Amino acid sequence: MDHNNTINLFNLCSGLRFLGYFMILIFIALVSLTYYALVFITWGPLFFHSPSFLSFFILLLFHILLILLIWCYFMVVINDPGSVPQNWTPLLQLEEVGASVNATTPITAAFSTTQVVEDEPNNISASSSNGLDLETRLGYCVKCQNGKPPRCHHCSLCNRCVLKMDHHCIWVVNCVGARNYKYFLLFLLYTFLETTLVCLAMVPSFIRFFDGGMNHSLSPGDFAVIFLASILNLAFALSLLCFVMMHISLLLSNTTSVEVYEKTKGVRWRYDIGRKKNFEQVFGSKKFLWLLPMFSKEDIDNIPALRGFEFPTHSDVDV
């Protein structure tokens, strides 16, 4: 088969990356529609004409959640999830696998080029006792031709290795990895809370419109805006509920979406070091910053997992 004529589906997907920027426009449009429906059509006029604690509370909570979700959203968009420096080498692993490499082949050859791996299989493709080939054990990415830290995976859309990669999110035109996973989780949480609040806040408007009376001031156009905003927010709230629950489970077990397929059933996941420590590896140890898209310098310095290169295992913790 002629490899030059083989279609690479990942390359086709890479050509669609521009759709991510379209998704940002959709996000802005949805936020604008929701804001207009809740603030300018329903609760805003109600608050100014007949102020009440309920209208004040809904408007205040809506704006707080909106600020937080937009803040978290753009933190996910603009922050690098974590990249591997050029010529990075996992020095600690070299000693562990040195015996697996033929004495006539330098250890550094395994990290030099793809050609070495392909042309000298007898020297550096030997399998280890646990079934992992040398390339995997050394942590080497053939596509990047560079060293590969633990829990790092290559993203075909970004065309690079991402530290503790969870997934590539088209909504944020970015990968979700070690250094922006917290921002992503907070964005999911605040968006779920915001969409749920909007759905509940729109219920009185529907009741007034369909009660058959004349005590509502909604025009057909305003009602259409409210109806569309409600349907869209309900759809997002329901889908995000499943997504939030899934990521909470992954967070507490210290697993990424990619690593779900690497875990062995019935065997404790090596990076699961307890729910509290698993949580701190993503959110940090400072409780006052848990709900904000930021980290303290102390956490960044003292929790290696936040930098994306080193991750303790449960065997390290149990010792």
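A residue is called buried when its relative accessible area is under 20%, and in this predicted model Lys164 is buried because its relative accessible area is 7%. Lys164 is found in the loop between strand E4 (160–162) and E5, where its phi is positive, about 45°, although the residue is not a glycine. A second residue with a positive phi that is not a glycine is Asn87, for which the angle is about 65°. Asn87 has its place in the loop between H3 and helix H4 (91–97), and this residue is exposed, since its relative accessible area of 61% lies over the 50% that marks an exposed residue.

The chain as a whole can be described next. Its secondary structure comes to 12 helices and six strands, and of its 319 residues 42% are buried. The chain exposes about 17900 Å², of which 66% is supplied by carbon and sulfur atoms. When contacts between residues at least 6 apart in sequence are considered, 63% of them join residues that are at least 24 apart.

The UniProt record, in an unreviewed entry, places the feature "transmembrane region" at residues 18–41, 53–78, 183–203 and 223–244. Two of these stretches can be set beside the secondary structure of the model. Over residues 53–78 the chain is 100% helix and 0% strand, with the end C-alpha atoms 37 Å apart. Over residues 223–244 the chain is likewise 100% helix and 0% strand, and here the end C-alpha atoms are 30 Å apart.

The second largest pocket of the model has a volume of about 400 Å³. Its lining is made up of 24 residues, and those that lie nearest the centre of the pocket are Phe27, Phe187, Thr191, Phe236 and Leu240. Two or more lining residues are given by each of helix H2 (18–49), helix H3 (53–78), strand E5 (167–169), helix H8 (181–210) and helix H9 (220–252). Among these elements, H8 provides the largest share of the lining, namely six residues. In terms of residue type, the lining of this pocket divides into 16 nonpolar residues, seven polar residues and one charged residue.

Helices H8 and H9 also take part in the packing of helix H10. In H10, which covers residues 275–283, the residues Asn278, Glu280, Gln281, Val282 and Phe283 are buried, and the buried residues of this helix pack against H8 and H9. The residue that follows H10 is Gly284, which has a positive phi near 85°.

Leu228 lies in helix H9 and counts as partly exposed because its relative accessibility is 42%, a value between the 20% and 50% limits. The C-alpha atom of Leu228 is separated by 9.9 Å from that of Leu30, although the two residues are 198 residues apart along the chain. In helix H3, which contains Ile64, a relative accessibility of 42% likewise makes Ile64 partly exposed. Between the C-alpha atoms of Ile64 and Glu194 the separation is 9.3 Å, while along the chain these residues are 130 residues apart.

The loop between H3 and H4, already described as the place of Asn87, also holds Pro85. With a relative accessible area of 40%, Pro85 is partly exposed. When its neighbours within four places in sequence are left aside, Pro85 is in contact with Asn146 and Phe309. The C-alpha atoms of Pro85 and Cys161 are separated by 9.8 Å, and these two residues are 76 residues apart along the chain.

A further partly exposed residue is Ser315, with a relative accessible area of 38%, which lies in helix H12 (residues 314–318). The C-alpha atom of Ser315 is separated by 9.6 Å from that of Asp272, a residue 43 residues apart from Ser315 along the chain.

Terms used:
Residues are numbered from 1 along each chain as its sequence is written. This is a predicted model: local features need pLDDT of at least 70, side-chain atom pairs count only at pLDDT 80 or more; totals for chains, interfaces and linings use all residues. Side-chain values use heavy atoms; hydrogens and water are left out. On a 1 Å grid over the protein atoms alone, a cavity is a set of points where a 1.4 Å probe fits but cannot get out, and a pocket is an open set with protein on both sides within 12 Å along at least five of seven lines; lining residues have an atom within 4 Å of a point. Grid points are joined across faces, edges and corners, and a volume is the space filled by probe spheres set on the points. Helices (H or I, at least four residues) and strands (E, at least two) are DSSP runs, numbered from the N terminus. Ala, Val, Leu, Ile, Met, Phe, Trp, Tyr, Cys and Pro count as nonpolar, Asp, Glu, Lys and Arg as charged, and the others, Gly among them, as polar. Buried means under 20% relative accessible area, exposed over 50%, partly exposed in between (1.4 Å probe, protein chains only). Contact means heavy atoms within 4.5 Å. Accessible areas come from the Shrake-Rupley method with a 1.4 Å probe; for residues, only the protein chains shown count as cover. UniProt positions are given in the numbering used here, feature names are shortened, and annotations may be inferred rather than shown by experiment.
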